[in-house]
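The following paragraphs go through one protein structure, from the whole chain down to single residues. Please look over the sequence and the model before reading on.

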Amino acid sequence: MPTHHFIANRRQPTRDDQTIPVIDPSDGQVFDHIARGTAADIDRAVQAACAAMGDSLDGPWARTCARDRGRLLADWGRAVLEHADELARVEARDTGKTLHTARNDVLALARYLEFYAGACDKLHGDTLPYETGYTVMTVREPHGVTGHIIPWNYPVQIFGRSVGASLAAGNACVVKPAEDASLSTLYLADLAAQAGFPAGALNVVTGYGHEAGAALAAHPGIHHISFTGSTVTGQRVAEAAARHHCPAVLELGGKSPQIVFDDADLDAALPVIVNAIIQNSGQTCSAGSRLLVQEGRYEAVVAQLAERFRALRAGPAASDPDLGPLVNQKQHERVRQILASARAEGLTEAARGQVLADAPAAGYYQEAVLFRDVPQDSVLVQEEIFGPILVAQPFRTEAEALAMANTTPYGLVAGVWTRDGGRQLRLARQLRCGQVFINNYGAGGGVELPFGGVKSSGYGREKGFEALLGFTTLKTVAIRHGTID
Ligand code: NAD
């Protein structure tokens, strides 16, 4: 595997040869190293991206027309599919994902590239009615150089939705993957060069967030930054970007509720509710981590879920478990601390899954846990845990459910399970979040569907055509040509 940065289509070592160990979360052992990027490395990458764009949009990438950008993205997407098995293995070892989850992530990445390949030459401005004697048009232009700070939970998917859209819109990209999950991003950069992207269109600098990440957000040569990760880091990134008037998209996680009414189809709802919290071991920004159940079905739902939770197995990928390990020691300790304070608070555990006997003791395994009757002001209800922990609460009326759903700092996603059409529409309008799913959760991923949050979940939209618009700036051109007298 490459252990260098990827700048101007070449692997380049970091200036001072410092590296970061890469740890396998399934056994806690070091198996590789990545380069520990510095502000100087970020600067080299930004310069390469600037050269690809040119000072006056006259660089080789800026001159690549929309149709050809689309063809390059499509070729790259096909190469991803050809390497899907190997990419999935790399991703699984680096992040602790099960092979099945890692492979699904790679397929989603290929779909993002396919979607944005097809969208390149459908992105256009308008002509606007104005005064007689004028023709006025708007032109969609790339921002220039875009920065992408990627977290460790879905490295290839988040890379695909962010970098795919930005390149499709004609920007050159500088990517800083998470220090805990950089290998797949370097692999993808190699595939991009092989697909024929010109030097500088895509650059990757690995390293720590407070070093390479902070340098990227603060670099005056970056014209747009997209960040996915924690709320605190997102604020820092947006502050650094604002100092040089750089727009930002922030995707900062959530505490998303699933609301189950008495008339819900439980056979359909329960497997989806379980999957929405154990997927990727709960390390999903849109995880369905809160469960609000109307009082008539509360006991039945908790009992059935408890049975399912007790059967869930955490273990290494080789054992084909329901949950892989958490990504790193820090995350493992954080989740354990939250569980310890929940116990100290006297909160009631309704069920706990198992860790498989063959799981190495040094791995970062966490059983799935179901809590019940948790008060609204508890940390378990208010804070993103990023582990396989589901919190059940009963409610009486629709108004009460809505108030509980909306009363956390976050607003990313919500799921509603009911057969009542009026209630479906009322809640779709009144839930304070970026996506509402009725009688489903996540709609199978939905590359086409705009995604992002409100409140502490961030702002701006990723995915779909909406993301493509966000990666452009609008220029108005007014031509005064007069009239024939
Ligand atoms: P983080 O937000 O600190 O890291 C995310 C990315 O930001 C990484 O690439 C990191 O290197 C980079 N980064 C860190 N500090 C930076 C800085 N000062 N400037 C620029 N970039 C910086 O997240 P974490 O510490 O890995 O995880 C902490 C918590 O964040 C988790 O427990 C979870 O709750 C949340 N999280 C959410 C998501 C999500 O998808 N919303 C993803 C990862 C983590």
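Accessible areas come from the Shrake-Rupley method with a 1.4 Å probe, and for residues only the protein chains shown count as cover. By this method the protein chain exposes about 19500 Å², and carbon and sulfur atoms supply 50% of that area. The model is predicted, so local features need pLDDT of at least 70 and side-chain atom pairs count only at pLDDT 80 or more, while totals for chains, interfaces and linings use all residues. Residues are numbered from 1 along each chain as its sequence is written, and side-chain values use heavy atoms, with hydrogens and water left out.

The overall form comes next. The C-alpha trace of the protein chain spans about 75 × 65 × 40 Å along its principal axes. The radius of gyration is taken over C-alpha atoms, and the globule rule is 2.2 Å times the number of residues to the power 0.38. For 485 residues a compact globule would have a value near 23 Å, and the protein chain agrees with 23 Å. The chain has 15 helices and 22 strands; helices (H or I, at least four residues) and strands (E, at least two) are DSSP runs, numbered from the N terminus. A contact means heavy atoms within 4.5 Å. Among contacts in the protein chain between residues at least 6 apart in sequence, 73% join residues at least 24 apart.

How much of the chain is buried? Of the 485 residues, 57% count as buried, where buried means under 20% relative accessible area, exposed over 50%, and partly exposed in between (1.4 Å probe, protein chains only). A nonpolar core is a set of buried Ala, Val, Leu, Ile, Met, Phe, Trp, Tyr and Cys residues joined through side-chain atoms within 4.5 Å. The largest such core has 82 residues, and Trp76, Val80, Phe197 and Ile225 touch the most other members. Helix α4 (residues 99-119) gives the largest share of this core, 10 residues. A second, separate core has 27 residues, including Val293, Leu305, Ala306 and Ala392.

Beyond its neighbours within four places in sequence, Ile225 is in contact with residues including Gly147, Ile149, Leu216, Val237 and Val249.

Helix α13 (residues 398-406) also has buried residues, among them Glu398, Leu402 and Met404. Their cover includes the strands β12 (256-260), β13 (288-294) and β18 (389-395) as well as helix α14 (421-430). Ser281 is found in the loop between α9 (266-278) and β13. Ser281 is buried at a relative accessible area of 4%, and its contacts, not counting residues up to four places away in sequence, are Leu323, Gly324, Pro325, Leu326, Gly387 and Pro388.

Charged pairs remain. A salt bridge is a side-chain nitrogen of Lys or Arg within 4 Å of a carboxyl oxygen of Asp or Glu, and the structure holds 25 of them. In one, the closest N and O atoms of Lys475 and Glu141 are 3.0 Å apart. Lys475 lies in strand β22 (residues 472-480) and Glu141 in strand β6 (residues 134-142), so the pair ties together parts that are 334 residues apart in sequence. Lys475 is partly exposed at 40% relative accessible area, whereas Glu141 counts as buried at 18%. Arg352 and Glu349 form another salt bridge, and salt bridges that share partners join Asp263, Glu398, Arg423 and Arg426 into one network.
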